[in-house]
Each structure stands twice: as structure tokens, then as C-alpha cells.
Amino acid sequence: MEAILTDCVRNSLQHLIYRNAIFMCERLCAEFPSEKNLQLLASCYLQNNQAHCAYHILKGTHMAQCRYLFALSCFQMDLLNEAEAALSPNESCPEVPNGAAGHYLLGLVYRYTDRRQSAINHFNQALSLDPLLWAAYEELCVLGAAEEAPKVFDEGASLCIQKQYIHQGSTSQSFQAPNEEHEISMNRSLGSEDVSPRKQKHIHGHNLRDVSGNHHGTISNQPLNGGPTTSLPFYNTPSPMAAQSQLSGVAPPPLCRNALPNGPSTRTYGADSTPRVTVNTAIPGPRRKFVDEGKLRKVSERLFSDSGQRRSMRLAGESVNTSSSTSIISGNLISHSSKYLGGCKSGMLASRSLTIRKGQSWASENTDEAGHQEICDESRLNISNSSSSPCGGNGSVEPEGAIRSSGALSSSKVIGGASDVLSLLRLLGEGFRLSCLCRCQDALNIYMKLPQKHYNTGWVLSQVGRAYFELVDYLEANRAFSLARIASPYSLEGMDIYSTVLYHLKEDMKLSYLAQELISTDRLAPQSWCAMGNCYSLQKDHETALKNFQRSVQLNSRFAYAHTLCGHEFVALEDFENGIKSYQTALRIDSRHYNAWYGLGMVYLRQEKFEFSEHHFRMASQINPLSSVIMSYLGTALHALKRNNEALEMMERAVLADKKNPLPLYQKANILVSMENLDGALGVLEELKEYAPCESSVYALMGSIYKRRNMYDKAMLHFGLALDLKPSATDVAAIKAAIEKLHVPDEIEDICESSD
């Protein structure tokens, strides 16, 4: 009974029927109370987003996997102290539970409790245990403590992966013969007895194993309850973290259901007298027929046939049926255009833009690779047919020859696969690291080295858009994010930044459409409400915008950018106290979030607390040393502190950082005016007119300079030009006041102002 209930729970989890899994697992725990079964019940609740239930179930348990799940539920409930206590080594368990995943979770706990160095140590430990734990490297990049990607994903990481996989392959082969003898004896005993349909269904449920829809067919056996985990590679390298993710019970549905607790079985015999179906792979007829009839299916799969996607699909645990892959993969006809649209930046992005390929031109490319995949596809087809019944019916089984040959090829496949995956991660990792260090142009150069099939994915294009956003190149950022939406219309990665890009471009129609799309896609995602908030902020409806940003914070209290956007809206409403609190909350979540440092500097600048303003602008500049905007405001703060030489030097650096930014040139002119260098100020303003010909403040400042030089005609001309450009109401009043006092000497005007 216990085995039947356990198998039913696992099948329900795999088919995402969480309600049934929870119900049956409660029956299992009532009938057979044990920590192992409680762990399975907690896994059901966690996958159903009921962390509080898992918390109460696992409180007080001692198994390593139970402690990990308990810590995970605590983390989701923001009980970080309890999560740390559950993960920390103790006398009964001297190691962090669940290996690399446990170190990663403990690193997150330390990060969000402001213990940066401890978090870095655990993220590094997680990477040393599993070099393919990309999430740990991402966290190190965010903390600004990641090593160069070529040093992390190096030969040592490759040897670690090879050791894990080859060891797993040899372990699987060692279990092969005993399992075969056990199955033969079992079948003989079953053949001499009258087996009921229910019993026969149960027996097949423990022997037949489904194969996930990854495109190189991995056969594995991964129990959820902490039993022995072994895997046999089949034309591909299994995931080193697959066993840990299944032991934890929190990962997505397992690759194989109806797993046999005593180890994998490479051959399965029916309980009845039906002969086992085998396929002779040396006969080309059936293979050719399969390839011709399934060409469209192969076209869709080859888009994801690279090593990086293989790993992501394994970790996601997707069980994709071979016969329905064309209906599952919605983007299977998206390909790449090699036409340049002109211009350097535009050409780079356009050369990697996404278009719809006509016909089936993929089928004519890489014929050698296609020939190699035919064998894999044929074997996968037969295995899929054998496991099409959810309970392991009396269908055909996998060919014996395919299993035998996979053992011989496993070593070479592991070496080649590890090399391919790590070479890909070196590019992705280095690009992401440079982006987190605000070396955005270097990051873009790295991303351009990626293969087109990886460059034209939603994640990479979002990172490209983010890099252009940091470079204040909003047009190119808009182009990259638009391509990301085409590549992954379902993904919300980077959409908060995309909405800010449209905000700066004042594309109110596009921003409104994007916000509505994101809300309809996932109204519980914080990015959706950030986009909606930016939409209202662009319409100057700051109160409604603030409500939307607060909704985003409510959905994810650890979303630093949403807290920063709340701060911007509080400042726009002149609620500086709450604005400061929002910025400080963002910095507690991410101390390298330079936007919050910048926001605090702006608040203190407006409050004329120039020393505080300088400090916060310097902190922002240390994180993002190439930002022309931050340098400009730091120079403004220095100028307010009467440190004109330092301010002038900072403005020069800001101009060199971004020659298209008019702000440092304007501030430089202001500083020169205060230093009585009127000719130099006029020269800077004449240069600025070429970059910002419609900026009224430029002409107003030129008018005031001409007035001080007693050139009243030119002063009047420039004041008039400033008014024609429709400045703000405050600027209009200042310009009109200057016109009225045009013939009043500056000395008398200063005396009048001081007396007032």
C-alpha cells in the first residue's frame, strides 16, 4: 500500500495535479508516518506555493532533506533566522544539508541579512560542489565578488563534472546485471500465478520509466524520498544536480516517474506473455521513415539542441512527449536574420534580429549533425512509446542495444558535453559579470561572441537591453528589449527596465500597451506593476504610480528596483522622508544598487545638505564609475560646497564619459560663470547648443552672461529664444524677471535681493 500511494503521489506531482498529490500524500502519512513521507508531503505543499504548510509539517524534523525543505519554506516566509538555524551544521549533521543547493540557500540567507562575506563564501562553496549551479555565480556577480568566468568555468570545473557523471554511469552499469536477474525471476513467478489487473499495473509502474523530452534522451532514476539515486547516460550527460534537486523534493517534476527504489533496471519484461519488442538500429528503413515523417518535430527540437539548453531543460524537469513536441514548443519556426540595417549598433542588433523562416530550411543545414541525431530520435521514439501509459502499461520497451552502446560512449560524451557547456557558460558568465560591474560596453562585446541561437534568446537580449540602458542609449535598449519580447513573449525578465526605457523615451502608447500585456501575462509578477507604475508616472499621476510600485513591493519585498521607484515617486510628491526610507530599504536588499544611492544624493541636494549629497553621489560613482549623470551631480554637489576646481574636474570627466549628455556641459558653464570666466562659459554653451538646440535653460544662461557683459541686445535675443522654447512655469517666471531687470546693473540687483 505504501508503494502504491507513493507512486500515485509522484505521478500527480509530475502531471502538476497538486491537489491530488496532497490528498494522497496525507493518506500516506496517516497510514505510514515517517520523516520520509512527511518530506514528500512538504514537497507537495511547496510546489503548490503553500510554504506555511511545509513549515509546520517539517518543524522539528532531523533528516538532511527535511531540514533543507524546512529552510526553504522559512526563506519563502521571510523567517531568515530559522532558515539559517536549519541549514547550519550541528553535532548530528556536521555538513550543510543538500550539498550545493544547501550552500546556495544559506548564501541567500546571509546576503539578505547583510553578511556579505559569509554569503560570498557559501556561493563559492556551492560552485565548487556543482560548477553548473549558475544561480550561485549570478549572486556573486550581483554582490560584485565574482571571479572572471574563464577562471570559474575552467578545466577544474570540467574535471569535476566528468568525475560526477562517469561515476554515475559506472554505478548504473554495476546495478544492471543484478536487476536483470531479479526481473527475470519476478516475471517467472508472476507467470505461474494469477495476477490481478491492479497488481499487474502496480508492478509495471515500478519498472517502466518515462524519458523526459530533452533532445538527447536522458534516462535516469531519481527518487524523491532520499533513496539511492543512480542514472544511466543515454546519448547525453545527466545533470549532476538532478539527484540533489529530486532529493530535496522542491525541483520541478522529476524526469522519471515510477522510479524503482532499489536501483535502475535497464531491461523490463512484461508480466504477461507478450513478447518484448526490439528495434534493429542497423536497418535504415524505419529510421528514414521516422525522420521524414517527423521532420517538423526535429526542426523544433534542433533550436534547443545545444548544451546550455539541454541543461536548463533537465533542471526544469520537463517531460515533453516526443509525438507532441511541435505543439509544445511555440517558437519552433523562429530563426535569425543576417541582414544589417545600417549603422554600427543597429547593424549588430539587426544582424541578430528574429524573423520567421519560410519553409523548413533548418532541415538542410548541418546534415552530419542531423544524421547523428536520427539515432537518438529513433531510440527516444521507442522509449516514449513504451512509457506512454502513465502507469507503465504493456507497451514496447527500449531497445537493449541502445542501452549497451550508451555505456561505451558515456566517457567521450561526458568530456565533450562538459567542454561545450562550460565554454558557453564562460561567455554568458563573463558578460553578466561585466554588466554587474557596470562595464556595459565590454559586456556587449562579450555577448556578441555568443552563437546566434543563444544570443536570440529572451535572457540574453534582455541583458543586452539592460546594458544599453546603463549606457543611456535608450533607442538601442528599446530595440533589444523589443527583440526579447519577440523571442520570449511569455518571459518577464528585464521588463521593469524596459518600461523605464519607454518612460525615458516618452513612448506613452508603447508603455501603456506593454503594461497591459504584462498584467494579462502575470498579474502577480512585480515587473508587471512596475511597468504600470511607470505608465502612470509618465502621465504625471504620481499618486497612482506610487500605488502600483507599492503593489510590486508587496508581491516581492526583496525587489530592490521597485523600492527605488517608490522613492522616486515620493520625491516627486515632495515626501522626502518616505523617499529616503524607500531608498534605504532598497540598499538593505542590495547595497550595490547605485540607483538608490543616486536617489538619496538627489534628495539631500534638494534639501541643501550638500555634504550628505556628496557622500551618496560618491558611493553611487564607486559602483558605476562610468556614469556621466552621476559624475555631473557629484560635480554639482562639489560646486555647492565651493570646491570649484574639483567640481570642474568632475565635469570634465563627465563630458568625456558621454559627449552626448548635455548636463555636464551646462553645469560646467555654470561653474565657469561663478569663477568669472565668462568667455569660457560662452564657449561651452555655444558647443552645447549643437547637442541640445531646443533646451531653453541654455539660452537663458547665455542671456544672463550677455547681460553681465552689458551686451543687452544679445541678452534680450537669448531671453526671447528661451521663452519661445516653452520652458516650465518656474523658468518662465525667472526669465521674465531677468528681462524686466535687463538694464539694472548686477551690483544694484544683488543689493536689492539681499535687502529683500
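Predicted model: local features only at pLDDT ≥ 70, side-chain atom pairs only at ≥ 80, totals over all residues.
Local features are described where pLDDT is at least 70, and side-chain atom pairs count only at pLDDT 80 or more, while totals for chains, interfaces and linings use all residues. Residues are numbered from 1 along each chain as its sequence is written, and side-chain values use heavy atoms, with hydrogens and water left out.

Helix H5 (residues 64-76) and helix H7 (residues 99-112) have axes that come within 11 Å and cross at roughly 30 degrees. That makes H5 roughly parallel to H7 (angles under 35 degrees count as roughly parallel, over 145 as roughly antiparallel). Helices here are DSSP runs of H or I with at least four residues, numbered from the N terminus, and axes are lines fitted to C-alpha atoms over the stretch in contact, with angles from 0 to 180 degrees between N-to-C directions. The crossing of H5 and H7 is left-handed, the near helix being turned anticlockwise from the far one by less than a right angle. On the H5 side, Tyr68, Ala71, Leu72 and Phe75 meet Ala101, Gly102, Leu105, Leu108, Val109 and Tyr112 of H7, where contact means heavy atoms within 4.5 Å. By class, this contact of H5 with H7 holds nine nonpolar, one polar and no charged residues.

Residues of H33, including Phe610, Glu614, Phe617 and Arg618, meet residues of H34, among them Ile630, Tyr633 and Leu634. The contact of H33 with H34 divides into nine nonpolar, two polar and two charged residues.

Threonine 6 is buried, with a relative accessible area of 9% (buried means under 20%, exposed over 50%, and partly exposed in between, with a 1.4 Å probe and protein chains only). The side chain of threonine 6 reaches the backbone oxygen of glutamate 2 at 2.8 Å.

Most residues other than glycine have a negative phi. Valine 472, in the loop between H24 (458-470) and H25 (474-487), has a positive phi near 60 degrees and is partly exposed at 39% relative accessibility. Asparagine 710, in the loop between H38 (696-708) and H39 (712-724), likewise has a positive phi near 60 degrees, and counts as exposed at 53%.

Conventions: Helix = DSSP H or I, 4+ residues; strand = E, 2+ residues; numbered from the N terminus. Nonpolar A, V, L, I, M, F, W, Y, C, P; charged D, E, K, R; others polar. Polar contact = N/O pair within 3.5 Å; in protein donor to acceptor, adjacent residues only side chain to side chain. Parallel < 35°, antiparallel > 145°, perpendicular 65-115°, else oblique.
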